[in-house]
Amino acid sequence: MQRLIVTGANGTGKSFVAARMSAARPAIPLVSFDAIKLMSDWQQRPRPEIDRDLSQLVATDAWILEGGPSLLPLALPQADAVLWLDPPELVRAWRLMVRPWRNIGKPRQELPEGNREWPLQQYRFVLRSLKNGSRLRSSIKTCLEGAANQRIWHCRNQRDIETAFHEWHASD
């Protein structure tokens, strides 16, 4: 396995888990989908540009790509494995509520420069994200049901993540 997608809704721990998977296999580049799709001040690039850059990335031999379900239609056919993070909604809500305070005024490492965390601004996003959680989960499930030859890990808890991590690390 050389091409891994780490996906899930916002606040599921994608960036953290993807960084851990990358540390286990440092020769494989880690790419955040947010770095492909965002400009500064949380502005999204035009969709044709996002699709072009994502298509170029997934055409390469090795990558760990972390991001939400909108990357799946282009990336899934090229992936060897998918790690779907799907913790309970309470866990996700807590992470989304705490994150802006933990990173206040700073960009998170996986984001392009100019995307800083400000709690009031982020809480509008948090509420929208929590409201759309079941739709995001359904979207991921639908995409993954069409997966042909990919190894799929559906991780609902830390034990599931550990299983996926050890299997990924051993596939080197």
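1. Basis. The model is predicted: local features need pLDDT of at least 70, side-chain atom pairs count only at pLDDT 80 or more, and totals for chains, interfaces and linings use all residues. Residues are numbered from 1 along each chain as its sequence is written, and side-chain values use heavy atoms, with hydrogens and water left out.

2. Overall make-up. The protein chain contains eight helices and five strands; helices (H or I, at least four residues) and strands (E, at least two) are DSSP runs, numbered from the N terminus. Their order along the sequence is β-α-β-α-α-β-α-β-α-α-α-β-α. Of the 172 residues, 43% count as buried, where buried means under 20% relative accessible area, exposed over 50% and partly exposed in between (1.4 Å probe, protein chains only). Among contacts (heavy atoms within 4.5 Å) with a separation of 6 or more, 72% come from residues 24 or more positions apart.

3. The sheet. The five strands make an open sheet with parallel pairing, in the order β2-β3-β1-β4-β5; two strands pair if DSSP finds at least two bridges between them. At the edges are β2 (30-32) and β5 (151-155), each pairing on one side only. From one strand to the next the twist averages 15 degrees.

4. Strand β1. Five bridges join β1 (residues 3-8) to β3 (residues 63-67), and the two run parallel. Another five bridges join β1 to β4, again in parallel. I5 stands opposite L65 in β3 and opposite V82 in β4, while R3 stands opposite W63 in β3. Five of the six residues of β1 are buried, so the strand is largely enclosed by the rest of the structure.

5. Helices on the sheet. Helix α3 (residues 47-58) lies across β1, β2 and β3, at about 145 degrees to β3. Helix α7 (residues 133-145) lies across β1, β4 (81-85) and β5, at about 160 degrees to β4. Axes are lines fitted to C-alpha atoms, for helices over the stretch in contact, and angles run from 0 to 180 degrees between N-to-C directions.

6. Residue I64. I64 belongs to strand β3 and is buried, with a relative accessible area of 0%. Leaving aside residues up to four places away in sequence, I64 touches L4, V6, A18, M21, S22, I28, P29, L30, V31 and W168. The C-alpha atoms of I64 and A79 are separated by 9.2 Å, the two residues being 15 apart along the chain.

7. The cavity. The structure holds one cavity of 30 Å³ or more, and the largest cavity has a volume of about 50 Å³. A cavity is a set of points on a 1 Å grid over the protein atoms alone where a 1.4 Å probe fits but cannot get out, and lining residues have an atom within 4 Å of a point. Grid points are joined across faces, edges and corners, and the volume is the space filled by probe spheres set on the points.

8. Its lining. The largest cavity is lined by A9, T12, W84, L85, D86, E89, R92, G133, L136, R137 and I140. β4, α5 (89-102) and α7 each supply at least two of the lining residues, and α7 gives the most, with four. By class, the lining has five nonpolar, two polar and four charged residues. Here Ala, Val, Leu, Ile, Met, Phe, Trp, Tyr, Cys and Pro count as nonpolar, Asp, Glu, Lys and Arg as charged, and the others, Gly among them, as polar.

How values were computed: 1 Å grid on protein atoms, 1.4 Å probe; cavity = no way out; pocket = protein on both sides within 12 Å on 5 of 7 lines; lining within 4 Å.
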